[in-house]
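Student: Hi! Could you walk me through the model I've just opened?
Tutor: Happy to, let's look at it together.

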Amino acid sequence: MSYLDYNATAPIRPEALAAVLEAMQSVGNASSMHQPGRQAAHRVEVARRQLADLLGCSPGEIIFTSGATEANNLALRAAFTAGNPLVTSPVEHPAVLETARAVTAESPEDLVLLAVGTDGLVDLGGLDQVFAARRGGVVSLMAANNETGVLTDLRVAAKAAREVGSLVHTDATQIVGRLPVDVAELDVDLLSLSAHKFGGPQGVGALYVRRGSPLPHRPLLVGGGQERGWRAGTLNVAGIIGMGAAADAARHGLREEAERIAALRDRLENLVTGALPGCRINGRRDQRLPGVTSITFPGVPADAVLAAMPDVAVSEGSACASGAPTPSHVLLAMGLSREDADSTIRFSLGYATTNADIEHAAHAVKRAATQVRAALAEAHGPR
């Protein structure tokens, strides 16, 4: 099996697995005052520091959540106030798009979607038009697209937002642990992430909240007041500790690892496009994550190709939208036809990907796509 679906979830890192197993063998509620509780609380704070080091922020600016979906919900519900614009894009993850639609349900005119080019880049110039008429509000743009890997220049968005007093949120789920991230350099107020995208356990994530940002407390979960009142509930001690270990492991040698993975991705693209003339790579190729490529195989349904190569783990698009009856909203927003969107496969590489994985996957894709094309030609040929 060649596993090339890191954007859906990465294999858990050995350091994170060891940390989780060790934590699960201990007892202690991090809110308890006795010794086991204080020990659990200490380990949670160590993990908070490890994650803060990965983001370039203070540990006190980290709020632990169940993942990026919860963090996105918490961020937008805190940042948005009816009567102010909520600016985002049509290529965001559903966790942002659906939350944005929910919070603006009673004032749909507040929701503004920026245009997207055929290269997958969000038209940040559209912010000037929005802010020429309206001030304040919140801008929410993903740092890296989960289907194409295309990067957004958040510093440009933040500069425009700051001039009119708008808050800035980014869903950084796909970029954290894969490229260097410095929240001060990005100049964002809020940043969402999930541990399992960079080799931590599933079911745990975080929201960065910039100290001093004018945000009201609007928690999704109320109760005991954990996480400074932002997120009530007993902390997932083992998950948080595992996330901290994964963050620490990802931080070391991050740039070198990104270069290695980018070279493997380029190798995969060259092998696939060389073997299957006519296939196309989607998105801006010089402004994307190192381990992501979205390839369209015209006239060849992606689900059929996936079924014909069970020894390669890849995706038709976002795992969170799997089973949806409609094709990728990201690819449609970029101008692809429904047929081409349905003929597109996303390959996403990560820290454990090897050259052998690439060679095996490229051969399997060629074989599967050729088989599907032949079967379709026979089915539609003369009777």
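Tutor: One definition to start with: two strands pair if DSSP finds at least two bridges between them. Keep in mind that this is a predicted model.

Student: Good. How many bridges link S9 and strand S10, and in which sense do they pair?
Tutor: S9 and S10, which covers residues 292-296, pair in the antiparallel sense over three bridges.

Student: Which residue of S10 stands opposite Asn 282?
Tutor: That is Ser 294.

Student: And what is the strand order in the open sheet?
Tutor: The order is S9-S10-S12, three strands with antiparallel pairing. S9 (280-282) and S12 (344-348) are the edge strands, each pairing on one side only. From one strand to the next, the twist averages 30°.

Student: Which helix lies across those strands?
Tutor: Helix H9, residues 254-275, lies across S9, S10 and S12. The helix runs at about 15° to S10.

Student: Switching to charges: how many salt bridges are there in the whole structure?
Tutor: The search finds 25.

Student: Let's stay with S9 for a moment. What does Arg 280 pair with?
Tutor: Arg 280 forms a salt bridge with Asp 340, and their closest N and O atoms are 2.7 Å apart. Arg 280 lies in strand S9 and Asp 340 in helix H12 (residues 338-341), so this pair ties together parts that are 60 residues apart in sequence.

Student: Is Asp 340 buried or exposed?
Tutor: Asp 340 is buried, because its relative accessible area is 16% and the cut-off for buried is under 20%. Arg 280 has 36%, so Arg 280 counts as partly exposed.

Student: What about Asp 187, which side chain does that one meet?
Tutor: Asp 187 meets Arg 162 in a salt bridge, at 3.2 Å from N to O. Asp 187 sits in the loop between helix H7 (183-186) and strand S7 (190-194), while Arg 162 belongs to helix H6 (residues 154-162), so the pair ties together parts 25 residues apart in sequence. Arg 162 is partly exposed, at 30% relative accessibility.

Student: One more: what does Asp 153 pair with?
Tutor: Asp 153 forms a salt bridge with Arg 155, with the closest N and O atoms 3.7 Å apart. Asp 153 is partly exposed at 30% relative accessibility, and Arg 155 is partly exposed at 45%.

Key
Residues numbered from 1 in each chain as written. Predicted model: local features only at pLDDT ≥ 70, side-chain atom pairs only at ≥ 80, totals over all residues. Heavy atoms only, no water. Helix = DSSP H or I, 4+ residues; strand = E, 2+ residues; numbered from the N terminus. Axes fitted to C-alpha atoms, helices over the stretch in contact; angles between N-to-C directions. Contact = heavy atoms within 4.5 Å. Salt bridge = Lys/Arg side-chain N within 4 Å of Asp/Glu carboxyl O. Buried < 20%, exposed > 50% of the residue type's maximum accessible area, 1.4 Å probe, protein only.
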